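Please look over the sequence and the model before reading on. The report below is meant for someone who has not seen this structure before.

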Amino acid sequence: MIIADVAVMPLRPYTGEDEMYKVVDACIEKIKESGLKYEIGAMSTTFEGEFDEVFDLLKTVHKIPFQLGCERVITVARIDEKAGGLTIENKLRNHR
């Protein structure tokens with residue numbers, strides 16, 4: 001099990017926050033539909049799963065803005081992997 005943190009930022013042609021958030025919301029919806037455990041944060045969304053599941057979902061959410069008419073997208077992803085596995089709960093156990 002690994003953890004991924006992702007922020008998808010559609011750049012063009014959006015002119016306002018409302019339009020941009022529609023794209024971000026579509027990415028979050030895809031993460032919800034994946035069946036993987038996730039947590040939405042103020043600046044990114046974190047989810048956990050098996051290696052291939054996580055990377056497949058990262059690829060999918062990166063492509064969503066293009067499917068919605070965006071011309072340019074920046075996606076920032078961070079992966080945390082530990083021998084023996086890692087979960088969101090493990091990572092945050094000292095902070096909850």
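## Basis of the model

This is a predicted model, in which local features need pLDDT of at least 70 and side-chain atom pairs count only at pLDDT 80 or more, while totals for chains, interfaces and linings use all residues. Residues are numbered from 1 along each chain as its sequence is written, and side-chain values use heavy atoms, with hydrogens and water left out.

## The sheet

Four strands form an open sheet in the order E2-E3-E1-E4, with antiparallel pairing. Strands (E, at least two residues) and helices (H or I, at least four residues) are DSSP runs, numbered from the N terminus. Two strands pair if DSSP finds at least two bridges between them. The edges of the sheet are E2 and E4, each with a single partner strand, so one side of each has no neighbour in the sheet. On average, neighbouring strands are turned by 20° against each other, direction ignored. Here axes are lines fitted to C-alpha atoms, for helices over the stretch in contact, and angles run from 0 to 180 degrees between N-to-C directions.

In a regular strand the side chains alternate between the two faces of the sheet.

Buried means under 20% relative accessible area, exposed means over 50%, and partly exposed lies in between (1.4 Å probe, protein chains only).

E1 pairs with E4 in the antiparallel sense over 10 bridges. Within this pairing, Ala 4 has Ile 79 of E4 as its bridge partner, and Val 8 stands opposite Thr 75 in E4. Towards E3 (residues 45-49), E1 is joined by five bridges, also antiparallel. There the bridge partner of Ile 2 is Gly 49. Helix H1 lies across E1, E2 and E3 and runs at about 155° to E1.

E2 and E3 pair in the antiparallel sense over four bridges, and a hairpin joins E2 to E3 through four residues. Glu 39 has Thr 46 in E3 as its bridge partner.

Tyr 38 has its place in strand E2 and counts as partly exposed at 29% relative accessibility. Not counting residues up to four places away in sequence, Tyr 38 touches Ile 31, Lys 32, Thr 45, Thr 46, Phe 47 and Ile 88. Contact means heavy atoms within 4.5 Å. Tyr 38 and Gly 49 are 11 residues apart along the chain, and their C-alpha atoms are separated by 9.4 Å.

## Ile 79 in strand E4

Ile 79 is found in strand E4 and is partly exposed, with a relative accessible area of 36%. Leaving aside neighbours within four places in sequence, Ile 79 is in contact with Ile 2, Ile 3, Ala 4, Val 54, Phe 55 and Leu 58. From Ile 79 to Leu 57 the separation is 22 residues in sequence and 13 Å in space, C-alpha to C-alpha.

## The largest pocket

The largest pocket holds about 360 Å³ of space. A pocket is an open set of points, on a 1 Å grid over the protein atoms alone, where a 1.4 Å probe fits, with protein on both sides within 12 Å along at least five of seven lines; lining residues have an atom within 4 Å of a point. Grid points are joined across faces, edges and corners, and a volume is the space filled by probe spheres set on the points.

This pocket is lined by 18 residues, and Ala 7, Val 8, Val 24, Met 43 and Ser 44 lie nearest its centre. Strand E1 (2-12) and helix H1 (17-33) are the elements that give two or more residues to the lining. H1 gives the largest share, six residues. By class, the lining has 15 nonpolar, three polar and no charged residues. Ala, Val, Leu, Ile, Met, Phe, Trp, Tyr, Cys and Pro count as nonpolar, Asp, Glu, Lys and Arg as charged, and the others, Gly among them, as polar.

## The second largest pocket

The volume of the second largest pocket is about 240 Å³. Its lining has 13 residues, of which Ile 3, Asp 5, Thr 46, Arg 78 and Leu 92 are the closest to its centre. Two or more residues each come from E1, strand E2 (37-40), strand E4 (72-81) and helix H3 (88-92). H3 gives the most, with three residues. By class, this lining has five nonpolar, three polar and five charged residues.
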